[in-house]
Amino acid sequence: MTKSFRLTSTYFIVVLLLMSCATVPIIPRLYKLPLLNVDNKMQKFNMQIDFKKQSFSGMLIVQRRADSEIRIVASTFFGTTLFDFGIKDGQFAVYSCISPLQRHNVIKLFENNFKKLFLPSQNFRKVRLYEEYEERISGRNFGKSIFRIYKPQNDDFEKLTIKHPWIGITINLEKL
Amino acid sequence: MKYILSTIAAVIILHSSLLAQMKKIEDKQAFEQKLEEATKTVKSIESGFTQIKHLDVFDDDITLKGKFYYRHSNRICLDYTGSLDYIIVINNDKLKIVDNGKKSIVNLSANKTMKEMQGMLAACMSGDISQLSSEYKLEYFEDTKNFKVVVTPKSKAVQEYIKDFHIYFNKRDMSVDKLRISENTTDYTDYIFSNKKFNSLQNDEKFSVN
């Protein structure tokens, strides 16, 4: 009786798992498009960074320059620049950065996030399409990042979040 | 004849541009006295503002608008309007930011540099530069329409964020017409104040940090 009960419940669990998986298509990591397309038109985002109980907000400005470099500048809404990064030919440059953020791990985190956001052919372990958002997961453990883009339509979107679950940092971007 | 006309035109243009340039104020004390008299009577300011952020790396400037509120001596509120749902409130030692309804409050007294910048900001936006400590170098200029005070921080910690402030005072009523915050030689943010109302605020609810 016990053995048959275990077999039956295992059977149901497997069926439920298969059913839930069937509603969320998993796309292999050959998905090559960048999360956000950057061209020569300036794009502005309301950026909010949550770290544990602290929250910080500012503006992120992104534009592809004539020499094809992607320039990424973050500024407080009040006006002071927090950082000025550039990505060109896969290389990441730090033009300026306020001293509290000038930590190797912090810069590396930004580098990885922005490359994943703006460059094509980035490796993601998993890409899932849900009704409300598209999710891309890269890395593991402390290097794990979860990108969610809400309602992607024609290169426009409502909101994008980057979650680093092991570090406890979440970055939210909303188009201005 | 053409040579004479073009020479006259060049002289007129040169003369106009020289008139528009700011020159150093001869009588600094007279300016300070005039400013002190004006700020004594102002207990609150309410105005519109246009914020223009210029970054040399980008082709276009970023323009935001909103409402500015000030209460003597250390309370400021910047309420951004348009597509941005964002409010900054400075009330003595507290800084409150409300972003899309999400509130965060910072105690400025915990960070000396932030507290100093907050004091500098309040002084520059309100025009009450008597509040500035001796940690700043002040230079005075004028043209036909405005006085200009260039405030340069001496603190290296503040210099990391701000190169200097340029405060443009309207000669008519000594209110601040424009504030330029320069981060370096090429990048700056301008605040242009318009439709100013003085002593019109009925209560302090705009400056609440709760």
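**Rings, charges and a helix in a predicted model**

The charged end of Arg180(B) sits over the ring of Tyr188(B), 3.6 Å from its centre, where a charge counts as over a ring if NZ of Lys or CZ of Arg is within 6 Å of the ring centre and within 35 degrees of the ring normal. This is a predicted model, in which local features need pLDDT of at least 70 and side-chain atom pairs count only at pLDDT 80 or more, while totals for chains, interfaces and linings use all residues. Residues are numbered from 1 along each chain as its sequence is written, chains are lettered from A in the order in which they are written, and side-chain values use heavy atoms, with hydrogens and water left out.

**Charge over a ring in chain A**
- Arg71(A) lies over the face of Tyr95(A), at 3.6 Å from the ring centre.

**Aromatic pairs**
- Over all chains the structure holds 21 aromatic pairs, meaning rings of Phe, Tyr and Trp (its six-membered ring) with centres within 6.5 Å, called stacked if the planes are under 30 degrees apart, edge-to-face if over 60 and tilted for the rest.
- Phe77(A) and Tyr86(B) form a tilted pair, 4.1 Å centre to centre with 50° between the planes.
- Ring pairs link Phe83(A), Phe85(A), Phe92(A), Phe110(A), Phe114(A) and Phe118(A) into a cluster, and both Phe85(A) and Phe110(A) are buried.

**The end of a helix in chain B**
- The buried residues of α3(B) include Met117(B), Leu121(B) and Cys124(B).

Methods:
Buried means under 20% relative accessible area, exposed over 50%, partly exposed in between (1.4 Å probe, protein chains only). Helices (H or I, at least four residues) and strands (E, at least two) are DSSP runs, numbered from the N terminus.
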